[in-house]
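Colleague: Could you walk me through this model before I start working with it? I would like to go topic by topic.

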There are 2 protein chains.
Amino acid sequence: MKILVLGGDGYLGWPTALHLSGQGHEVAVADNFARRGYDNELGVESLVPIEPLQTRIAVWKELTGQQIGCYIGDLTDAMFAYRIITEFAPDAVVHFAEQRAAPYSMIDRSHAVYTQQNNVIGNLNLLFAIAEINPEIHLVKLGTMGEYGTPNIDIEEGWLEIEHNGRTDKMLYPKRPGSFYHLSKVHDSHNIEFACRIWNLRATDLNQGVVYGQQTPETARDERLATRFDYDAVFGTVLNRFVIQAVIGHPLTVYGTGGQTRGMIDIRDTVRCIQLACENPADRGEFRVFNQITEWMSVQQIAEAIKSASPEDVHIDYLPNPRVELAEHYYNVTHTKLIELGLQPHLLSDTLIDSLFEITKRYAHRVRPEALLPTVNWRTPTATP
Amino acid sequence: MKILVLGGDGYLGWPTALHLSGQGHEVAVADNFARRGYDNELGVESLVPIEPLQTRIAVWKELTGQQIGCYIGDLTDAMFAYRIITEFAPDAVVHFAEQRAAPYSMIDRSHAVYTQQNNVIGNLNLLFAIAEINPEIHLVKLGTMGEYGTPNIDIEEGWLEIEHNGRTDKMLYPKRPGSFYHLSKVHDSHNIEFACRIWNLRATDLNQGVVYGQQTPETARDERLATRFDYDAVFGTVLNRFVIQAVIGHPLTVYGTGGQTRGMIDIRDTVRCIQLACENPADRGEFRVFNQITEWMSVQQIAEAIKSASPEDVHIDYLPNPRVELAEHYYNVTHTKLIELGLQPHLLSDTLIDSLFEITKRYAHRVRPEALLPTVNWRTPTATP
């Protein structure tokens, strides 16, 4: 099928594009290079060097003979959104093209506004483009497990059967997220559910856990196909960041007690989940939600796993938590729908951690250590940082 | 106390400012005149002529000796938001300053984007300004009963005790609204709840029903104090529109079967509810939700009430529903919190309808009848109308 990957130059968008192309789909990517721009702003780079998008695409063509289409532009520009849906005429659109870091959205007022503006308006333009040009197109939208927050009841897949005063209804699962970024995804989910209801669109909202890992079989074929690997306190996800801290001999920075628990997923499972969602589309009018995780761990457990896998001596530092979140809480997540479609999870194992240690060692000289420490504080509202 | 009314030139913002001033509070209004601009765009005017804001304020001063402060600007301009919070230094901010019409938000892509951008970003700027300048300020935010949609269970006041798999939590009431406008208010509610959680702000979210009526004791003191009275299919709320149709001898336009049920409130109760919310602030850190309605009726019942109150013969036309909504549904709303604070509801009675007939007859010559018919269709996504 024809699949358009929005945000196809990013950490997960690029491996997803390769995986879908490798599986025989006709793929195009679109990107505005916002993610590379954040690097310039924050003064950090991917630990692993990455090639320009055009080079990546050329290398993939050279290795496989497969051509990946390429659109450069911004979804908040409605003309661009309409143009790519018209020109590429996809069967499915995989939408990664959003600002994705909670700390980035909490830097100050303008970063909060930018995040919600960019994510919500880009997604709205996309919904209108799909609805007006071809409502058969399946929207596969990246959400986040962080949308749910940490309720004291089981987290279901997007919908919840509620009984109240003797009556029942199937309702959208109540969300209580923990950053302006996570809120932007909640706003998107509400907008998408409405679009499915009024325009009979088909959509899958993938509430993804924290992704770890850096390689998929496709990106590993050539180092020029590598995807980014972020270690900084703004864009680096927790497990990846801990590995880098272990390798360069820094203490692992656990926020608070480390009791906070997060759903996790291996990058190889992420690309497979996207494939499964695309190949098994939602029905017309259906707003379908999958919890895209394979297991969950507390931050403390993640730190212990990295510590025990490390050949060197590793210390754990407990920093005051810059975020506002529960230190200890109930966490139990239903995540059966992707398994039912055929996902075979890679659970966190020493094997994977070992491979991450290797990659990290190779590029350890590129780390800017001060970027590992959190500087964004949830409790301090500021007009400027 | 010092109360800043944002959107203080609008249908409800202006009577609220007068009411609060009349009750002895020190009031300032802020407005960007967007509502007067929509009139220009849509080619309609308030049925009742309204004076410029500066004239209104001067007349109030002349009649009562009370000075209402006046700021002209736009909340999406962060500098403006910060300036008014700094300069006026309010104890409470009443936030009406949002695009408020569901049909307007459904005209086309650009109106949907404008509505969410304007409402969400303006509200975000306000949250940052309050949090950074003075987190003691009580935010009184206008939401809408339309945020809830029409669930098959009782609608509670913003929060819901949920039992699931033997565990319980008090969660935000799940929302499933019916337009991009209503969605913008859901987004606001989520953003405000988060701001209360991380910055310890105090906020009251008023989920208001459909407002009817045009006069309060304060606006009735001088015709130059009149507030707007909208009859068009975009901004005219259902009861007001039916009265005008009855007076000019047009059939009442019921969408679909008229079985759809809506919470309602008299304009005199609206201004009193705002007063009660301001004078009884939420606690620091509290996100408090009141359902600001006094009764509910189906659209058919509203049409029948207008028909029976009309001295002339009135016909009812059943038009295909331009909206996507349930024609028949359960509707039962908890609305006790404002009563507990002292609200004494004016229920819909012939008395009020009579007074509306009088006002309407006086200005019937100003009606542009073609503006009464719906032209915005929920089912048709368009880039341009």
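Modeller: What follows is a walk through confidence, overall build, the contact between the chains, and a few local elements.

Colleague: First, what are the ground rules?
Modeller: This is a predicted model, in which local features need pLDDT of at least 70 and side-chain atom pairs count only at pLDDT 80 or more, whereas totals for chains, interfaces and linings use all residues. Residues are numbered from 1 along each chain as its sequence is written, and chains are lettered from A, with ligands numbered from 1, in the order in which they are written.

Colleague: What average pLDDT does chain A have, and what ipTM does the predictor give the complex?
Modeller: Chain A averages a pLDDT of 96, and 99% of its residues score at least 70; pLDDT is the predictor's confidence in each residue, from 0 to 100. For the complex, the predictor gives an ipTM of 0.97 and a pTM of 0.98.

Colleague: And how many helices and strands are in chain A?
Modeller: Chain A has 12 helices and 14 strands, where helices (H or I, at least four residues) and strands (E, at least two) are DSSP runs numbered from the N terminus. Its C-alpha atoms fill a box of roughly 65 × 55 × 45 Å along the principal axes.

Colleague: What share of chain A counts as buried?
Modeller: Of its 385 residues, 57% count as buried, and a residue is buried if 20 or more other C-beta atoms lie within 10 Å of its own, exposed if 12 or fewer, and partly exposed in between, with C-beta atoms placed from the backbone. Among contacts in chain A between residues at least 6 apart in sequence, 84% join residues at least 24 apart; a contact needs C-beta atoms, placed from the backbone, within 7 Å.

Colleague: Switching to the pair: what rotation superposes chain B on chain A?
Modeller: A rotation of 180° with 0.0 Å of shift along its axis does it, at an RMSD of 0.0 Å, and the two copies are thus related as by a two-fold rotation axis. The superposition is by least squares on the C-alpha atoms of residues with pLDDT of at least 70 in both copies.

Colleague: How many residues does each chain bring to the contact, and which element of chain B gives the most?
Modeller: The contact takes 44 residues from chain B and 44 from chain A. On the side of chain B that touches chain A, α4 (78-88), α6 (109-133), β6 (159-164), β7 (167-172) and α7 (180-199) each supply at least two residues, and α6(B) gives the most, with 12 residues. Since 100% of the interface residues of chain B are also interface residues in chain A, the copies meet through the same surface.

Colleague: Can you give me one residue there? What does Ala78(A) touch?
Modeller: Not counting residues up to four places away in sequence, Ala78(A) touches Asn125(A), Arg109(B) and Ala383(B). Ala78(A) lies in helix α4 (residues 78-88) of chain A, and it counts as buried because it has 20 C-beta neighbours inside 10 Å. Ala78(A) and Leu126(A) are 48 residues apart in sequence and 7.9 Å apart in space, C-alpha to C-alpha.

Colleague: New topic: in what order do the strands of the three-stranded sheet in chain A come?
Modeller: The order is β9-β11-β13 in an open sheet with mixed pairing, and two strands pair if DSSP finds at least two bridges between them. In chain A, β9 (210-212) and β13 (295-298) stand at the edges with a single partner strand each, so one side of each is left without a neighbour in the sheet. Three bridges join β9(A) to β11 (residues 261-266) of chain A, and these two run parallel; within β11(A), Met264(A) is the bridge partner of Val210(A).

Colleague: Last one: is helix α1 of chain B covered or exposed?
Modeller: Helix α1 (residues 13-22) of chain B is mostly covered, with nine of its 10 residues buried, among them Trp14(B), Leu18(B) and His19(B). Its buried residues pack against β1 (2-6), β2 (26-31), α3 (53-64), β4 (92-95) and α9 (267-279) of chain B. After α1(B) comes Gly24(B), whose phi is positive, near 95°.

How values were computed. Two residues are in contact if their C-beta atoms, placed from the backbone, lie within 7 Å.
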